[in-house]
Amino acid sequence: AGLDLRLLTFSGVGNQGIDRFAVGFRPTLLGTYDFRSLSKSVPVIFTMNLGFTFDSTGNLVTTQKLNASEEFALSVNRYNRFNFAMALEVPLPVVTPFLEYGFGLPLGVASLTGPDGSAVAPTAAMAHTLGFGLKGTVVKDLTLLAGVNVGLARLVGLGVPATPPWNFYFGASFAIDPTQRGETKIVETIRERKVEIAKAPPPMRVQGVVTDAETKKPVAGAVIAVAGVKPSATSDKGEYQTLDLGADKVKVQFSRDGYKPAERDVAIEAGKPATIDVALEPDVKKAKFQVSATSAKKPVKATVLLKGPAGETRVDTADNAAAPVENELPAGQYNVTASGEGFLSQTRDVQVTPGAVVPLAFDLQPAPKKSLVSIKDGKIEILQQVHFATGKAQILADSFNLLQQVVDAVVKSNVKRIKIEGHTDNRGDKAANQALSEARAKAVAEYLVAQGIDAQRVESAGYGDAKPIAPNLTARGRELNRRVEFIILEK
């Protein structure tokens, strides 16, 4: 960007010497941006300028009125102007095409007068052009230019010189640096000199592939270290090669996060790399389980089964245990069940991270003397209905022990998938009964999940009054139809 200040001085000569003066002053703000600074694939230079022209050339002629042709010939302007121009250049290897646009808007005038006396808008008569052409440097420091300006002004207004419909122009420029003091040339002289170079010894290196001992897949990013030499690392294919070791016997160390380190003693022949393939053993950080079983806050004898990545692990607790039983197992997803003679079984699923300490404390409830739950014909039969608040899906507390017995049956019979069905009698609105049966079945399913049964093993559905098991004509029949059923889907 820059500021262009131009002072234009004009004078008029009368019959008796200089009697009129005209002065022009044109400050201009210039700005240029080279898009090649963003990307070499966009060879474009953009230039824009804004400015004002303070022009008093209209004062040169005051004794007579000039017509449009005379104003054009003498370039007489009677108004100051706002100037705007912009240009695009495309610097190609040989030539530079360019496109220009500009106008000079007269200031301080709302309307001009045309040659025929009609009113003309300043924007229609102002200097308004579109130009295009080529320029290029044909020889050093000599640039030729050719172009054409197309006039865009539609009308002529007195006080503003007319814009020609077209104007061809040619130009030439020659660059001269008056401060140049001559050119300095550096001439290189090459002289041959025979130098005896000692023959370097052949390199001594170790190469090979590092794999996972279990999966047999390549291990990327493993570090290979030898004392006194910069370490190297394996590629995505598990391949490696050390730098020149400079010794015929070395100790090579292999390490990688998640694996146990390995070490090899290697003998190397000069000029022949030693190939050493290594299978790293995974270093699995185990989780620590702290298992305990109580009833009424007292230790009890129970069997806890942990089913996970390492298979099934059994942990037995004692009725006189002073502390939880600890067991280290690999990290992962576990299904844990706890059961003991005279107690209802419990289950839960846990996700264990490497190195975690996982407390597994079970508070077992005594089994009832008479069981209310049995498995028969693909169902878990219950001898007592699940009780809900009237017209709601809220399970009443007197049904909690019944549902604990259902959990016990699921665990001991190893039921893999179960469906909870809700049913109502035919009293009331049919749509409301359907919604209530669905909500109650869902409430029972959520209770089983809260007791440790995996949610993916439990589903629920409501059938309203569509599947009665007794006539709805009596109070007893309607009571039998208001029920929850447990259907075994997979065992």
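## Starting at Ala475

Let's begin with Ala475, which is exposed, at a relative accessible area of 54%. Here, exposed means over 50% relative accessible area, buried means under 20%, and partly exposed covers what lies in between, using a 1.4 Å probe and protein chains only. Ala475 sits in helix 5 (residues 475-481). Helices (H or I, at least four residues) and strands (E, at least two) are DSSP runs, numbered from the N terminus. Along the chain, Ala475 and Asp425 are 50 residues apart, while 9.9 Å separates their C-alpha atoms.

A word on what you're looking at: this is a predicted model, where local features need pLDDT of at least 70 and side-chain atom pairs count only at pLDDT 80 or more, though totals for chains, interfaces and linings use all residues. Residues are numbered from 1 along each chain as its sequence is written, and side-chain values use heavy atoms, with hydrogens and water left out.

## The whole chain

Stepping back, the chain has 5 helices and 31 strands. Its radius of gyration is 49 Å, well over the 23 Å that the globule rule gives for 491 residues, so the chain is more spread out than a compact globule. (That radius is taken over C-alpha atoms, and the rule is 2.2 Å times the number of residues to the power 0.38.) Along the principal axes, the C-alpha atoms fill a box of roughly 140 × 100 × 35 Å.

Of the 491 residues, 33% count as buried. Accessible areas come from the Shrake-Rupley method with a 1.4 Å probe, and for residues only the protein chains shown count as cover. As for contacts (heavy atoms within 4.5 Å), take those between residues at least 6 apart in sequence: 59% of them join residues at least 24 apart.

## Inside: the nonpolar cores

Which residues touch the most other members of the largest nonpolar core? They are Val386, Ile420, Val444 and Phe486, out of 27 residues in that core. The elements giving two or more residues to this core are strand 28 (379-382), helix 3 (400-412), strand 29 (417-423), helix 4 (430-450) and strand 31 (483-490). Helix 3 supplies the largest share, 7 residues. A nonpolar core is a set of buried Ala, Val, Leu, Ile, Met, Phe, Trp, Tyr and Cys residues joined through side-chain atoms within 4.5 Å.

Zoom in on Val386: leaving aside neighbours within four places in sequence, it is in contact with Ile395, Ser399, Leu402, Leu403, Val444 and Val484. Apart from this core lies another one, of 21 residues, with Val300, Tyr334, Ala338 and Leu364 among them.

Not counting residues up to four places away in sequence, Leu436 touches Gly391, Lys392 and Ala393. Gly464 is 28 residues from Leu436 in sequence, and their C-alpha atoms are 7.3 Å apart in space.

## Charged pairs

How many salt bridges does the structure hold? The count is 17, where a salt bridge is a side-chain nitrogen of Lys or Arg within 4 Å of a carboxyl oxygen of Asp or Glu. One of them pairs Glu89 with Lys135, with the closest N and O atoms 3.2 Å apart. Glu89 belongs to strand 4 (residues 81-89) and Lys135 to strand 8, so this pair ties together parts that are 46 residues apart in sequence. Both partners are partly exposed: Glu89 has a relative accessible area of 22%, and Lys135 has 27%.

Another bridge joins Asp316 and Arg314, at 3.0 Å from N to O. Asp316 is partly exposed at 44%, whereas Arg314, at 55%, counts as exposed. Then there's Lys379 with Glu485, at 3.7 Å from N to O. This pair links distant parts of the chain, with Lys379 in strand 28 and Glu485 in strand 31, 106 residues apart. Is Glu485 buried or exposed? At 16% relative accessibility, Glu485 counts as buried, while Lys379 is partly exposed at 29%. Elsewhere, salt bridges that share partners join Lys251, Glu263 and Asp265 into one network.

## A nonpolar patch outside

Back on the surface, Leu88, Leu99, Leu130, Phe132 and Leu152 form a nonpolar patch, with about 380 Å² of accessible area together. Patches are made of residues with over 30% relative accessible area and no salt bridge; like charges are joined within 9 Å, and nonpolar side chains (Val, Leu, Ile, Met, Phe, Trp, Tyr) within 5 Å. Phe132 lies in strand 8 (residues 127-139) and counts as partly exposed, at 39% relative accessibility.
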